[in-house]
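User: Hello! I am new to this structure and would like a close look at one part of it. Could you walk me through it step by step?

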Amino acid sequence: MLRSISTKAFFGLLAALIFLVAFIGIIREYVQQRSRLRAHAAAVTDGDPERGEAMFIQYGCGSCHALKNVRTATGMVGPPLDGIPLRMIIAGRLANTPPNMEHWIRDPQSVSPGTAMPDLGVGEGDARDITAFLYTRAK
């Protein structure tokens, strides 16, 4: 025996289906946007954002800087780094360009003597990859 579905139940199911399709679309757009941002950051910095995230963690950057969705990045000494690619100035002195960011990461004392940012001995390739990673962190 086949029972017919009530109008109320039908519209409830239809609403749930519409919500599910919209939710999947939002997730898909987020993934695509993140992929485009990573590709753009890699292109402008000639670095590897995924490796840069690992280097950011390895060098302990998160002990001084907060960065959402990065484990161990809860520091309160330096500025939070979310939105860094949108900032005009870095280190209070330099135009926000990939070469300047790499220079700041590699040799902060030469940019701003006495700054709290320590010289961590970051190599050229690591600095380039960290820069690529940071350039994916638009808010």
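With which residue does Arg51 form a salt bridge, the closest N and O atoms being 2.7 Å apart?

Analyst: A word on the basis comes before the details. This is a predicted model, in which local features need pLDDT of at least 70 and side-chain atom pairs count only at pLDDT 80 or more, while totals for chains, interfaces and linings use all residues. Residues are numbered from 1 along each chain as its sequence is written, and side-chain values use heavy atoms, with hydrogens and water left out.

The partner is Asp129: its salt bridge with Arg51 has closest N and O atoms 2.7 Å apart. A salt bridge here is a side-chain nitrogen of Lys or Arg within 4 Å of a carboxyl oxygen of Asp or Glu. Arg51 lies in helix 2 and Asp129 in helix 5, so this pair ties together parts that are 78 residues apart in sequence. Helices are DSSP runs (H or I, at least four residues), numbered from the N terminus.

Arg51 also meets the side chain of Asp126 in a salt bridge (2.7 Å, N to O). Because Asp126 lies in helix 5 and Arg51 in helix 2, that pair ties together parts 75 residues apart in sequence.

Asp129 is buried at 9%, and Asp126 is buried at 15%, whereas Arg51 counts as partly exposed at 34%.

Glu53 meets Arg38 in a salt bridge between their side chains (3.8 Å, N to O). This pair joins helix 2, which holds Glu53, to helix 1, which holds Arg38, across 15 residues. Arg38 is buried, with a relative accessible area of 15%, and Glu53 is partly exposed at 22%.

A search of the whole structure finds 5 salt bridges, including the one between Arg51 and Asp129.

Terms used. Helix = DSSP H or I, 4+ residues; strand = E, 2+ residues; numbered from the N terminus. Buried < 20%, exposed > 50% of the residue type's maximum accessible area, 1.4 Å probe, protein only.
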